[in-house]
Amino acid sequence: MTLPVSSPDPGTVRVLTADGSFAPTPAAEPYLALIDALSDAELEGFYRDMAVIRAFDVQATNLQRQGQLALWPPSFGQEAAQVGSARAARPQDHFFPSYREHVVARIRGVDPIDIIRVMRGLTHGGWNPFDPKNGNVHVYTLVLGSQTLHATGLAMGLAFDERSGTGDPERDEAVIVYYGDGASSQGDIHEAMVFAASYRTPQVFFLQNNQWAISVPVATQSRAPLYKRGEGYGMPSIAVDGNDVLASWAVTRLALEEARAGEGPRAIEALTYRMGAHTTSDDPTKYRTSEEEDSWRARDPIDRMRNYLLSRGASEAFFADVEAESAAVAEDIRIRTGELGGLETDAMFDHVYSDPHPLVEEQRQWFAGYEASFDGEQEAS
Amino acid sequence: MPFSRALNAGLRAALAGSDRVLLMGEDIGPLGGVFRVTEGLQAEFGDRRVLDTPLAESGIVGTAIGLAMAGFRPVCEIQFDGFVFPAFDQITSQLAKQTYRHEGALQLPVVIRIPYGGHIGAVEHHQESPEAYFTHTPGLRVVSPSTPNDAYWMIQDAIASPDPVIFLEPKAKYWQKGEVDTSARALPLHASRVVRRGTDVTLVGHGAMVSVLLQAAAIAESEGTSCEVVDVRSLSPVDYGPILDSVRRTGRMVYAQEAPGFTSLGSEIAATVMERAFYALEAPVLRVSGFDTPFPPAKLEGAYLPDADRILEAVDRSLTY
């Protein structure tokens with residue numbers, strides 16, 4: 001039986017092998033100078049990002065199991081694609097996640113408790129993308145692919161306002177939008193690529209192919225490698241080993257720089273694997289084999305980077321420090337989740353419209369009176 | 001000034017008033033749109049203010065959302081009513097909910113212009129009345145002008161609104177002429193209006209149906225029945241004041257609309273009037289609607305669309321109580 005997963009073809013950019021050896025594929029050649037210029041601190045930072053978010057992710061999954069969250073979409077296994085792409089951006093760039101990009105949000109400054117609030121049922125989004133502390137990270141979008149059009153529209157706006165393509169990389173802005181192999185079948189992504197190509201938007205389409213759309217394998221979404229779809233719309237398209245944080249970083253770095261410089265949109269397919277469930281409502285044992293999972297576990301992005309750092313002489317103290325930080329972040333989120341309060345019922349009437357709306361205001365007042373009517377009964381009894 | 005030219009003038013005023021206003025849609029550039037509502041605007045403001053988009057309705061609305069996030073005020077043209085459905089997710093799940101999702105941190109000042117309704121003898125998907133889908137969606141405002149003066153002002157008010165507005169343009173009215181007072185706005189965007197005074201029955205409707213109601217009222221007058229006519233104008237929120245005032249005076253009401261009747265705007269307004277003016281009513285509120293069928297082939301639209309006779313039949317029934 002053929003495994004229903006795609007394996008990297010020779011055109012895939014990969015720098016680190018599964019065991020962490022530095023052995024670039026031919027396709028990685030154009031990126032080696034970029035990678036060479038990375039400092040030890042930057043390399044260690046990639047590892048730290050991945051390890052910390054995995055601890056957070058495991059904690060969030062546990063919190064869901066303990067009934068603290070309504071749902072959790074684990075990012076376990078996809079850390080390299082996310083860390084590499086997020087670290088590749090400049091502060092002025094804009095991010096449109098789907099709903100699994102927890103480390104992207106964290107790197108850009110979103111407080112992870114804001115993601116917890118969504119999954120706990122306290123808000124449908126809740127953070128302001130344009131508040132400087134949130135690093136231009138837009139809120140999660142649960143309808144697959146919808147956000148690719150919003151990203152494209154924002155990128156059109158950047159181009160119209162000459163906020164990109166001026167030749168000043170410190171100022172030029174770009175947009176990166178995340179979606180998955182399942183979402184790649186949605187019409188909105190195709191329309192987004194048409195608009196992006198037509199308007200030459202400063203934009204990177206970042207597809208994380210984690211091999212499974214809940215229980216449906218990627219072969220059901222596409223008979224051709226997904227990155228090739230970008231070429232059909234007229235944009236340079238690259239496949240990268242999404243479990244290799246260095247390759248993910250370098251490929252995204254260059255794609256964003258080109259987009260920012262006004263060369264038009266780029267598409268990246270990061271080949272990775274969702275090692276956990278799609279969400280905590282899912283049971284992957286029903287649709288995939290332990291052999292398949294083991295084969296990907298051997299390609300774990302964090303182990304791979306750890307081995308590479310060890311080969312470069314990273315200290316035990318560094319790894320111990322990362323472990324301590326990971327434990328602290330996980331503990332912090334557990335404590336803060338427990339401290340999250342509830343919501344006043346009045347909150348459901350807020351922000352339906354920007355201008356007051358008579359129907360909503362009338363219902364707000366009626367419901368307040370209705371609730372207040374029970375206070376009297378309680379006092380009487 | 002014809003209704004379509006009034007819209008054109010209103011759009012021109014909005015484009016001239018703020019360089020953040022953008023028009024986007026299929027064939028709206030050199031062609032000026034299939035109804036010529038945007039004629040000349042691209043030549044005047046350039047192809048970065050008036051965008052001929054790829055042919056993709058979800059793409060038009062979805063990118064308009066992103067453009068609004070970037071600080072623009074996009075005005076999307078959907079070519080025909082029946083083609084709005086490919087954009088339905090972007091309108092109802094995305095556009096309508098962004099402000100709620102962001103807990104008020106973002107405003108989405110996007111206008112979706114949709115030519116709607118019958119009377120032009122077109123083919124399938126070109127004569128529909130989708131208003132109930134949008135009035136049912138919290139987060140959207142829905143309006144429909146029925147006169148050139150309203151077309152001129154309401155499009156500008158819709159563009160100025162910080163909320164998303166579904167702007168329904170009755171196709172039947174595009175070529176109708178009327179006075180446009182460019183010096184003074186007649187009414188706020190979300191106000192209903194009494195367009196004819198009467199004492200016996202209140203006739204209520206929106207869009208192209210308003211002139212059919214006026215026609216019915218004229219015939220009724222010649223037969224000795226005095227009808228008041230109210231133009232709803234704003235379908236969400238509905239301004240109930242003038243409607244309820246009128247019903248309290250006449251005691252009778254007939255709502256007329258082109259859309260199918262089941263779970264329609266007319267149903268909602270009828271139910272609300274019965275809740276709020278029950279003791280003033282001499283008869284149940286009656287509804288005259290398109291039938292609960294797909295919009296039929298054009299050769300049958302005369303039978304499908306409520307005309308003055310169907311409205312007068314309802315007026316007669318109301319008067320028998």
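# Close-up views of a predicted two-chain model

**View 1. Two domains of chain A.** The C-alpha centres of domain 1 and domain 2 of chain A lie 40 Å apart. Domain 1 covers residues 26-338 and domain 2 covers residues 347-380 of chain A, with bounds that come from an automatic or database domain assignment. This is a predicted model, in which local features need pLDDT of at least 70 and side-chain atom pairs count only at pLDDT 80 or more, while totals for chains, interfaces and linings use all residues. Residues are numbered from 1 along each chain as its sequence is written, chains are lettered from A and ligands numbered from 1 in the order in which they are written, and side-chain values use heavy atoms, leaving out hydrogens and water.

View 2. A:Tyr370 belongs to helix α14 (residues 358-380) of chain A. Its relative accessible area of 38% makes A:Tyr370 partly exposed; buried means under 20%, exposed over 50%, and partly exposed in between (1.4 Å probe, protein chains only).

**View 3. The span that UniProt lists in chain A.** An unreviewed UniProt entry gives residues 48-316 of chain A as "domain: Dehydrogenase E1 component". UniProt positions follow the numbering used here, feature names are shortened, and annotations may be inferred rather than shown by experiment. The end C-alpha atoms of residues 48-316 lie 13 Å apart, and the span is 45% helix and 12% strand. Helices (H or I, at least four residues) and strands (E, at least two) are DSSP runs, numbered from the N terminus.

**View 4. Aromatic pairs in both chains.** Over all chains, the structure holds 33 aromatic pairs. Rings of Phe, Tyr and Trp (its six-membered ring) pair if their centres lie within 6.5 Å; planes under 30 degrees apart count as stacked, over 60 as edge-to-face and the rest as tilted. A:Tyr47 and A:Phe318 make a tilted pair, 5.9 Å centre to centre with 55 degrees between the planes. Because A:Tyr47 lies in helix α2 (residues 40-65) and A:Phe318 in helix α13 (residues 316-339), this pair ties together parts of chain A that are 271 residues apart in sequence. A:Tyr47 is buried at 6% relative accessibility, and A:Phe318 is buried at 7%. In chain B, the ring centres of B:Phe85 and B:Tyr133 are 5.4 Å apart with planes at 80 degrees, so that pair is edge-to-face.

**View 5. Backbone details in chain B.** A cis peptide bond, with omega about 0 degrees, joins B:Ser236 and B:Pro237. B:Pro237 sits in the loop between β10 (234-236) and α9 (240-250) of chain B. B:Arg233, found in the loop between β9 (227-231) and β10, has a positive phi near 60 degrees although this residue is not glycine. B:Arg233 is buried, at 1% relative accessible area.
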